[in-house]
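Below are some questions and answers on side-chain contacts in one structure. Please look at the sequence and the model before reading on.

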Amino acid sequence: GRDSVANQLDKIGQGDLAFDFTKMNEFADELPDDATTFSCVRDNVTGLIWEVKSPSTALPPATTTRAATNHYTWYLTTSNGIQAGSVQGAANSTCPSATSCGLQTYVNEVNATDFCGGTNWRVPTYTELLGLLDYAKQGGTSLLSTEFFPNQPNAMQLSTDGSAFMPYWTSQTAADGTSLSQAYIINMSNANDLAYPKGNTAFVRLVRTPGE
């Protein structure tokens, strides 16, 4: 509903229509709106801080830790142990990690660096990830703003039928009976969601809540 009053909004940062983003460096210091080098982005509407992926000219595992082209199986843990249905991806397969290519390994790697001033990075919820999509960009390769979310992967990389497919994991398991073998992904090319097998791989963009 913010789009209808976008021209009246007093923004902290910049963004199309009702979006309001602030660029930040690797220490979580705010940067000018026209900065071309930045490590994360704060959504001034929700307060969430989002990871900005690193550029990559190669495919995994010949990539850096936060390269946009890395992709992972759905494997997450809580204080109670491994989440149901988790599938651990093989090391040095779809990511450059010598430990594994499951989501939790990547979360741990980013948190270990105190990236953008925080150690509480996590996989976003369905609603959080959906909130980044700009439906005015329908028809393009991505519904994410390239100004604030550069270095996006090729929408064809994980496609099996030649269609634009840029799947990003959410933290939410799909209710598919007792096996709990699927979790929700959102296709950033068209905003479609899908209950996706946890043993398949998809991209990920981590998020954190300031102050936690």
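Q: How many aromatic pairs does the count come to?
A: This is a predicted model, in which local features need pLDDT of at least 70 and side-chain atom pairs count only at pLDDT 80 or more, while totals for chains, interfaces and linings use all residues. Residues are numbered from 1 along each chain as its sequence is written, and side-chain values use heavy atoms, with hydrogens and water left out. Rings of Phe, Tyr and Trp (its six-membered ring) pair if their centres lie within 6.5 Å; planes under 30 degrees apart count as stacked, over 60 as edge-to-face and the rest as tilted. By this rule the number of aromatic pairs is 9.

Q: Why is the pair of Phe-115 and Trp-121 classed as it is?
A: The ring centres of Phe-115 and Trp-121 are 5.4 Å apart. Their planes stand at 40°, so the pair is tilted.

Q: Are Phe-115 and Trp-121 buried or exposed?
A: Relative accessible area decides this: under 20% is buried, over 50% exposed and in between partly exposed (1.4 Å probe, protein chains only). On that scale both Phe-115 and Trp-121 are buried.

Q: Where in the chain do Tyr-168 and Phe-203 lie, and how many residues apart?
A: Tyr-168 and Phe-203 form a tilted aromatic pair, 5.7 Å centre to centre with 45° between the planes. Helices (H or I, at least four residues) and strands (E, at least two) are DSSP runs, numbered from the N terminus. Tyr-168 is in strand E6 (residues 167-173) and Phe-203 is in the loop between strand E8 (193-197) and strand E9 (207-208), so numbered under that scheme. The pair links distant parts of the chain, and the separation in residues is 35.

Q: Which ring has the charged end of Lys-23 over it?
A: A charge sits over a ring if NZ of Lys or CZ of Arg is within 6 Å of the ring centre and within 35 degrees of the ring normal. Phe-19, Phe-21, Phe-148 and Phe-149 form one aromatic cluster. The charged end of Lys-23 is 5.4 Å from the centre of the ring it sits over, that of Phe-148.

Q: What is the nearest side chain of opposite charge to Asp-134?
A: Asp-134 is found in the loop between helix H2 (126-130) and E6. Lys and Arg count as positive and Asp and Glu as negative, with His and the chain ends not counted; a salt bridge is a side-chain nitrogen of Lys or Arg within 4 Å of a carboxyl oxygen of Asp or Glu. Asp-134 is buried and has no salt bridge; at 4.1 Å, the nearest side chain of opposite charge is Lys-137.

Q: Which residue's backbone nitrogen does the side chain of Asp-134 reach?
A: Leaving out residues up to four places away in sequence, Asp-134 touches Asp-16, Phe-19 and Leu-143 (contact means heavy atoms within 4.5 Å). At 3.0 Å, its side chain reaches the backbone nitrogen of Ala-136.

Q: Which residue forms a salt bridge with Arg-42?
A: The structure holds 5 salt bridges. Arg-42 counts as buried at 16% relative accessibility. The closest N and O atoms are 3.0 Å apart, and the partner is Glu-30.

Q: Which residues do salt bridges that share partners join into one network?
A: Lys-53 and Glu-51 meet in a salt bridge at 3.1 Å, N to O. Arg-66 also forms one with Glu-51, the closest N and O atoms being 3.7 Å apart. The network joined by these shared partners is Glu-51, Lys-53 and Arg-66.

Methods: Polar contact = N/O pair within 3.5 Å; in protein donor to acceptor, adjacent residues only side chain to side chain.
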